[in-house]
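User: I would like to learn how to read helix packing and chain contacts from a model, taking one feature at a time.

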There are 4 protein chains.
Amino acid sequence: MSSLTLDAAEEIVAAVLQRAQSIGKAVSVAVVDAGGFVISVRRSDGARPLTPDIARAKAYTAAVMQRPGKMLKKWQESQPVFFSQLSQLPGAALPIMATEGSVTIKKDGEIIGGLGVAGGTADEDQQVADDVLASLGYELEFAAWGVAGKPLGKDA
Amino acid sequence: MSSLTLDAAEEIVAAVLQRAQSIGKAVSVAVVDAGGFVISVRRSDGARPLTPDIARAKAYTAAVMQRPGKMLKKWQESQPVFFSQLSQLPGAALPIMATEGSVTIKKDGEIIGGLGVAGGTADEDQQVADDVLASLGYELEFAAWGVAGKPLGKDA
Amino acid sequence: MSSLTLDAAEEIVAAVLQRAQSIGKAVSVAVVDAGGFVISVRRSDGARPLTPDIARAKAYTAAVMQRPGKMLKKWQESQPVFFSQLSQLPGAALPIMATEGSVTIKKDGEIIGGLGVAGGTADEDQQVADDVLASLGYELEFAAWGVAGKPLGKDA
Amino acid sequence: MSSLTLDAAEEIVAAVLQRAQSIGKAVSVAVVDAGGFVISVRRSDGARPLTPDIARAKAYTAAVMQRPGKMLKKWQESQPVFFSQLSQLPGAALPIMATEGSVTIKKDGEIIGGLGVAGGTADEDQQVADDVLASLGYELEFAAWGVAGKPLGKDA
């Protein structure tokens, strides 16, 4: 298993901030390792005080759920109480967020971390994260969780 | 009161892992005693990091609610706020999960523990748990909770 | 970075239970991965209800602090309030325990998980964990944390 | 009130990482604003998983207590229970840490944020933080908290 270095994380963070600036948005960005622990967090001038923590929870979600947060939406919609209980499990350090701007960092078929972006619209957060990871050679394809409403299938 | 030994729990865990493997799913499995305390937890290679905790919460639910988690679904649907408050009670150590893959372990009419399976689809988790308990001679019949909105009836 | 498989974790767990039985102690044992997430937990017949969770927290500590729990004792003694605050950090899922029976799992110089044993005396828990890891070819040497009372030194 | 920009925070972070590297330590560093909210967090390769959160709590402490963490040590020693209760107050987001490596960021007599460093020895963390802030023109003089046991005096 390979791991994500600070240099690699910084390359992602810098690209996210530049990309967000190019569309005129002040965002926060976070990169965590495969276990969900922080490597780098940054808040742009003008981004709201809690956005770094939102970005971190999005990154955490993408890392430990091993899927981008938006892939968890159907699960959350079909089982809202159960989904919210995930965040209360003893092993869960942060809220599990089924939302845009939360993308798993994958290279050579292996999950090595998570990226979270917060501060733009949902679509902007997602687009920035996807564009940056694609441009840096990370993989954005993830197998589905099985059929809708049955999200616990393991078929990565 | 008879109790669930580690050997008996291990027999269940091994059967669950074998059964899950036969359908190509990487699951986590947990067995708890009648008080909801862990006897055995296992995570298959490839199952996600939080799945052992999901399996454990399912097992906990089945043990302390004395009914399989899926039998709690109507209750959760009819009284979602009240239901979610169960998990916040002082004696509740883990989330009460109204979901598949959560089965009460019963023998000779007596509740002796809970089994949780997570990592397959909801139906797969349930099927694996039911099949394993049935094949090992545990009882899978549980009296209904009575009418909706009156879920606390004790008629096991 | 290599990772700890379920088979490797089970080999450790089985050896711990056998070793504990040979000294007449009913223990609980937990093995977690490098990020602190559960791979395997087991409670022997006769071990107390919370011992599996104690074993898990010990394993978690050894994994995420990257040192055996007993190496944290001086730190805890010299800075008890600060030490207890570690367990309240947003990224900490479980209590950080400065105690015996908490050993980091290291192979080829790399930290790949944590082992926790609970239920014997402190010395027994430690001895069982050390003996088992040594007998299975894991490394038990860890660089000191610098001088006493200055435990944050990184010199692994 | 002037505020700490991301550029200014990054200048501090980069200087801390360079300074720590020059003494051979892998540290984590955090900079927060006057309200204690994250601007930037970074974990060096080799620093332990929880060190970014320790650095953040140190930065938080220095910002919202408006004094370096080590100036709080006497208070903590003389009133340990009361001091630990600070961290449980409704407005306290993170543990208040009376320790080295936690320095208030002050310019033109105004408190504009907090810096936290974790991963070296206590003295190293403090030295790195002090050196960096001094070299970048920040002020390191803070009025005492008055006599022991009367720590709430505001005389910055």
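User: Is the crossing of α1(D) and α5(D) left-handed or right-handed?

Analyst: First, a word on the source: this is a predicted model, in which local features need pLDDT of at least 70 and side-chain atom pairs count only at pLDDT 80 or more, while totals for chains, interfaces and linings use all residues. Residues are numbered from 1 along each chain as its sequence is written, chains are lettered from A and ligands numbered from 1 in the order in which they are written, and side-chain values use heavy atoms, with hydrogens and water left out. As for the general idea, a crossing is left-handed if the near helix is turned anticlockwise from the far one by less than a right angle, and right-handed if clockwise; helices (H or I, at least four residues) and strands (E, at least two) are DSSP runs, numbered from the N terminus. In this structure, α1(D) and α5(D) cross in the right-handed sense.

User: At what angle do helix α1 and helix α5 of chain D pack?

Analyst: Axes are lines fitted to C-alpha atoms, for helices over the stretch in contact, and angles run from 0 to 180 degrees between N-to-C directions. Helix α1 (residues 6–22) and helix α5 (residues 122–135) of chain D pack at about 135 degrees, their axes being 9 Å apart. The pair α1(D) and α5(D) is therefore oblique, given that angles under 35 degrees count as roughly parallel, over 145 as roughly antiparallel, 65 to 115 as roughly perpendicular and the rest as oblique.

User: Which residues make the contact of α1(D) with α5(D)?

Analyst: Contact means heavy atoms within 4.5 Å. From α1(D) come D:I12, D:A15, D:V16 and D:R19, and from α5(D) come D:Q127, D:V128, D:D131, D:V132 and D:L133. By class, this contact of α1(D) with α5(D) has 6 nonpolar, 1 polar and 2 charged residues, where Ala, Val, Leu, Ile, Met, Phe, Trp, Tyr, Cys and Pro count as nonpolar, Asp, Glu, Lys and Arg as charged, and the others, Gly among them, as polar.

User: How do α1 and α5 of chain A cross?

Analyst: In chain A, the axes of helix α1 (residues 6–22) and helix α5 (residues 122–135) come within 9 Å and cross at roughly 135 degrees, which means that α1(A) is oblique to α5(A). The crossing of α1(A) and α5(A) is right-handed. Here A:I12, A:A15, A:V16 and A:R19 of α1(A) meet A:Q127, A:V128, A:D131, A:V132 and A:L133 of α5(A).

User: What area is buried between chain D and chain A, and what area between chain B and chain A?

Analyst: Buried area is the accessible area (1.4 Å probe) that two parts lose on being put together, summed over both. Chain D and chain A bury about 1600 Å², 48% of it on carbon and sulfur atoms, with 19 residues taken from chain D and 19 residues from chain A. Between chain B and chain A the buried area is about 2100 Å², to which carbon and sulfur atoms give 64%, and the count there is 0 salt bridges.

How values were computed
Salt bridge = Lys/Arg side-chain N within 4 Å of Asp/Glu carboxyl O.
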